[in-house]
Protein chains: 4
Amino acid sequence: MNKKDLQDRLRRIEGQVRGLHRMVDEDQYCIDILTQVSSVQAALKAVGMGLLDDHVRHCVRESIEQGQGDQKVEELMAAVGRFAGR
Amino acid sequence: MNKKDLQDRLRRIEGQVRGLHRMVDEDQYCIDILTQVSSVQAALKAVGMGLLDDHVRHCVRESIEQGQGDQKVEELMAAVGRFAGR
Amino acid sequence: MNKKDLQDRLRRIEGQVRGLHRMVDEDQYCIDILTQVSSVQAALKAVGMGLLDDHVRHCVRESIEQGQGDQKVEELMAAVGRFAGR
Amino acid sequence: MNKKDLQDRLRRIEGQVRGLHRMVDEDQYCIDILTQVSSVQAALKAVGMGLLDDHVRHCVRESIEQGQGDQKVEELMAAVGRFAGR
């Protein structure tokens with residue numbers, strides 16, 4: 001997931017959230033709104049996974065190659081924990 | 001969570017997603033972006049919970065009171081399943 | 001999901017957890033152990049969904065039919081929240 | 001989380017699952033059983049996080065130090081994805 005891809009995904013997510021807003025304004029059926037909430041959550045999860053992947057491949061790897069991986073690994077695991085908790 | 005509250009939350013989430021976009025544009029640190037992703041996920045989860053709560057309190061309850069709860073309960077559980085899967 | 005089905009699933013989950021224990025004892029590869037952890041999590045999620053479904057179909061419905069659904073709905077939403085948080 | 005700690009946690013989880021079984025046998029209240037399911041899920045999540053942490057600190061780090069991190073990173077991200085999906 002490169003920068004351009006990430007930006008496109010975030011733009012789509014922004015559109016989906018605006019769509020949610022509209023559904024609420026128009027008093028659409030709760031379950032349909034919830035389905036849309038779940039699909040925004042899935043899209044955000046994909047963005048989070050892309051960021052994690054990129055982070056491990058670059059920042060964490062470079063730190064380890066320079067013999068300084070400890071802090072990065074700590075930070076990474078904290079981020080995975082927050083991410084997996086939702 | 002009433003309609004106004006829901007709209008406010010969605011507006012804030014939209015702003016948070018725009019913030020994410022900006023962070024990516026400015027090449028901010030992956031872990032900081034991920035922390036923001038986790039906080040949007042938490043905000044969306046709160047919205048989903050509010051919608052579920054409202055749905056159970058009104059639609060599901062009314063259907064049950066009218067002796068027609070079966071389909072609503074089915075639909076509800078499917079929505080909870082999608083929601084809990086993220 | 002009836003009582004017998006629930007008991008069978010829990011027995012299988014107990015066996016899976018014992019399997020995890022064995023994998024750790026034998027120093028198996030972390031990623032394989034993690035894959036097994038994910039599959040126990042999925043099995044537990046299915047049990048939780050079955051319990052929720054049963055709860056809504058019986059306890060919540062009966063309370064609503066007796067005009068006393070408020071506390072049940074509150075309790076249900078708290079349980080869904082804990083459950084969706086994992 | 002060392003091997004001994006992991007084994008202790010898994011033993012406790014096994015006991016918790018047996019406890020769940022007993023609760024079902026005794027027809028305890030669904031919501032109480034669900035609360036126990038959520039606490040087993042939390043305990044398993046902690047085990048999964050411990051395994052991931054250990055995996056990154058040892059296997060992934062060593063592979064990267066030997067210039068062969070690609071496959072390990074791929075494998076790691078797949079495991080995180082499965083894990084975060086529950």
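Before you start, residues count from 1 along each chain as its sequence is written, and chains are lettered from A, with ligands numbered from 1, in the order in which they are written. Because the model is predicted, local features need pLDDT of at least 70 and side-chain atom pairs count only at pLDDT 80 or more, while totals for chains, interfaces and linings use all residues; side-chain values use heavy atoms, leaving out hydrogens and water.

**Stop 1: helix H2 of chain B**

Select residues 30–65 of chain B, which make up helix H2. Helices here are DSSP runs of H or I with at least four residues, numbered from the N terminus.

Now centre on B:Val56, where H2(B) has a kink of about 35°. The bend is the angle between axes fitted to the seven residues ending at a residue and the seven starting there. Then step past the helix to B:Gly67, which follows H2(B) and has a positive phi, near 70°.

**Stop 2: chain A against chain B**

Show both chains and pick out the contact, meaning heavy atoms within 4.5 Å. About 3,900 Å² is buried between them, with carbon and sulfur atoms giving 70%; buried area is the accessible area (1.4 Å probe) lost by two parts on being put together, summed over both.

Four salt bridges link chain A and chain B, each a side-chain nitrogen of Lys or Arg within 4 Å of a carboxyl oxygen of Asp or Glu. One to select is B:Arg18 with A:Glu14, whose closest N and O atoms are 3.6 Å apart.

**Stop 3: chain D against chain C**

Move to the other pair, where 42 residues of chain D are in contact with 42 residues of chain C. The buried area is about 3,900 Å², and carbon and sulfur atoms give 70% of it. Four salt bridges cross the interface of chain D and chain C. Zoom in on D:Asp27 and C:Lys3, a salt bridge with its closest N and O atoms 3.2 Å apart.

**Stop 4: inside helix H1 of chain A**

Finish with A:Arg9 and A:Asp5, whose side chains meet in a salt bridge at 3.4 Å, N to O. These two are about one helical turn apart, because they lie four residues apart in helix H1 of chain A. Over all chains, the structure holds 38 salt bridges.

Definitions and conventions. Expected span 1.5 Å × (residues − 1).
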